[in-house]
Amino acid sequence: MSAPQGQVPGPGFGPDGLPRLLPPSVNVPEGLRDHLARHGFVPYRNARRQLIGDLEAAGLTGRGGAAFPVYRKMAAVAEAGGHPFMVGNGAESEPASNKDMSLLWLAPHLVLDGLQLAAEAVGATEAALYVHEVEAGPLGELLRRALSERWSARIDRVLVRLASAPPRFLAGQETAMVNLLNGGLALPTYAAPRVFARGVGGAPTLVQNVETLAHIALVARFGPRWFRQVGTAAEPGSMLCTIHHADGSARIVEAAIGTPLPELIGADLGPHGLDGGTRAVLIGGYHGTWVPAVRAAELTLDNAAMAASGGILGAGVIAALPANRCGLAEAARVVRYLALESAGQCGPCLNGLPRIAEGLSTLSGPRPSPEVRADVERWAGLVTGRGACSHPDGSARFVRSALAVFSAELRHHEQGLCSAASQRPFLPLPAEVAVRDEDWS
Amino acid sequence: MNGITSSTLPWYTSRATGVVALVLLTVVMVLGMLVNRQGRLPGLPRFAVTNLHRNLSLMAVVFIVIHVVTAVLDGFVSIPLISGVIPFTSGYEGFWLGLGAISFDLMLALIATSLIRGRLSRRVWKAVHWLAYASWPIAFAHSIGASSDLQSGLLLALAVGCAVALAAALAWRLVSMAREVPRAERVSAMLAAASGRAGKNRSLPSPDRNRSQPGPGPGDPRKPTAVS
């Protein structure tokens, strides 16, 4: 076990007790032997529900983006009865996010410990790990080896099957995931009945993000008091973030919740956010919000601060848009991608998002007529709250914040000018789009 | 029977509400097919068509309730109240009133399942909603058969009009189903249509026109990147 830090012993490598989840040697996957040497054996409770109280005391929330209290979801599944199904969701569909993939690559056993402990707490008899495209490739190979090692060493008590998610934006959505595990296409469905009541194979299903599972594995070992040593009182703990710097580099950081944003994006924002290096910051990914650089310099990494400015933290994507790029052009690219990733099922999403995307594309060009902006804003309002999943809502939130934050740029465009020196795309987007049903399987 | 008096009021009310209900049900059916195929009405957004479909169906039920209650209240013929929902229990025009009761029961099932739609699986709701295609023809047969009102004159023209409207909507629905774009291709089709509407996209003059080069963002977002 690692050297004690702070008042309560627990893992952590820096003076601030971070990082907790990621192993000390960067970029080398931590094998089973090293993992056990560092953290000790899996602290099974040998009883259902024992862990749920600890997780409630720790105040752990889901790290997949929704920040829902972990203990409540687990209690609901544990109370639903029957033989629940447990899923670790590592289908990080957000193109700008890479933290789940990195965690699975670097510390697979911590995630798998959490999967076993959560399964035990709700009494699950079957489990799956759902990750993007793991039929082949190094990550799939690593996870398969880790799972078979754990099974033959009798560390795992519930057999975990590895399921491959299609490369779709909505593949990580809970109901889409359940549909795929049930043998269908990874398409979101109606919310009712919720998956905690009837999910995989009709069983009550607990879905937790893989980073959440890693936190669960640590709370089970070191307790709620240790967990609360970092973070804010309302949102304790740390979270993994994918940071895109204005210079084009990207990194994964485990930060205490409540960390001032300038500490994470570094010198990009300058002392007052006015150094000219960054135009705006996108927080929360492609369902998140744009924030002007000046405003971002005052923000902290927590949902309370984000909610006050009308945004969300999501799965911790923070992207600094360089000053030489056009925010409208970037927003138009992203929204076009979001429109193409619509499942094509609900009218507001199918009809609304392509129009919004086309409207934004017009706004990113020269001399858009003034009514286009009003149209886009109206359409964004019309699609909100009217889909089976939150895709239209998240996309509309992104669009509204782009129109608000880049309104000065919009006035330039209306005069036929653009203040950006470069038209090279900045935010990462996958090249291919879905054209057939098989692309969703 | 010439003119509306206190004794003939229920009789006239029953006939009139019956005719109105038939027209309303026809409109509800046409709107339902429009909703199913995601069609539009000029000047109305799509969700308004859905709301209209729902509200008119509830209004039709109100008319049918008045239609049944006034027929029962009318002292000229004796119809028990129960015949409104239980078929073939009326001594007067037992068969034709029985059809009306069947049709009404089906409508009640449709509406009840729609009111608790959030708690039902989509499949169950949809299966029950298909009963509309049985309910309307039965209601139509009841309208024609139960009295001679619709068998001649203007009201016959109205009944024929309803049938023609329904047949046309049904034909349109079938054609539209046959032309349906597969789900996976819908979005790109919509995007192509939207960009056609907006005209060809133009780009702004800028010092750096090299669009084909990838941006300096992380290369492959699926590959684990450096961690600090």
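Let's start with Gly75(B), which sits in the loop between helix H2 (46-73) and helix H3 (94-115) of chain B. Keep in mind, everyone, that this is a predicted model. Is Gly75(B) buried or exposed? It is exposed, because 10 other C-beta atoms lie within 10 Å, and the cut-off for exposed is 12 or fewer. Now look across to Trp11(B): Gly75(B) and Trp11(B) are 64 residues apart in sequence, yet 8.6 Å apart in space, C-alpha to C-alpha.

Stay in that loop for a moment, please. Glu93(B) is also found between H2 and H3 of chain B. Its phi is near 45°, which is a positive value in a residue other than glycine. Most residues other than glycine have a negative phi. Glu93(B) counts as partly exposed, because it has 17 C-beta neighbours inside 10 Å.

You'll find Ala67(A) in the loop between helix H2 (50-58) and helix H3 (70-80) of chain A. With 19 other C-beta atoms within 10 Å, Ala67(A) is partly exposed; the cut-off for buried is 20 or more.

Back to chain B, and its overall build. How many helices and strands does chain B have? There are 7 helices and 0 strands, so the pattern along the sequence reads α-α-α-α-α-α-α. Of the 228 residues in chain B, 24% are buried. Take the contacts between residues at least 6 apart in sequence: 56% of these join residues at least 24 apart.

One helix to pick out is H6 of chain B, residues 153-178. H6(B) has 26 residues and reaches 38 Å from its first C-alpha to its last, close to the 38 Å expected at 1.5 Å a residue. Its buried residues are Ala159(B), Cys162(B), Leu166(B) and Ala169(B). What do they pack against? Their partners are helix H1 (9-36) and helix H5 (132-146) of chain B.

Last stop, a helix pair in chain A. H14 (residues 370-383) and H15 (residues 391-405) pack at an angle of about 150°, with axes 8 Å apart. H14(A) and H15(A) are therefore roughly antiparallel, and their crossing is left-handed. On the H14(A) side, the contact is made by Arg373(A), Val376(A), Glu377(A), Ala380(A) and Val383(A). H15(A) brings Pro392(A), Ala396(A), Val399(A), Arg400(A) and Leu403(A). By class, that contact has 7 nonpolar, no polar and 3 charged residues.

Definitions and conventions:
Residues are numbered from 1 along each chain as its sequence is written. Chains are lettered from A and ligands numbered from 1 in the order in which they are written. This is a predicted model: local features need pLDDT of at least 70, side-chain atom pairs count only at pLDDT 80 or more; totals for chains, interfaces and linings use all residues. Axes are lines fitted to C-alpha atoms, for helices over the stretch in contact, and angles run from 0 to 180 degrees between N-to-C directions. Helices (H or I, at least four residues) and strands (E, at least two) are DSSP runs, numbered from the N terminus. Angles under 35 degrees count as roughly parallel, over 145 as roughly antiparallel, 65 to 115 as roughly perpendicular and the rest as oblique. A crossing is left-handed if the near helix is turned anticlockwise from the far one by less than a right angle, and right-handed if clockwise. Two residues are in contact if their C-beta atoms, placed from the backbone, lie within 7 Å. Ala, Val, Leu, Ile, Met, Phe, Trp, Tyr, Cys and Pro count as nonpolar, Asp, Glu, Lys and Arg as charged, and the others, Gly among them, as polar. The expected span of a helix is 1.5 Å times one less than its number of residues.
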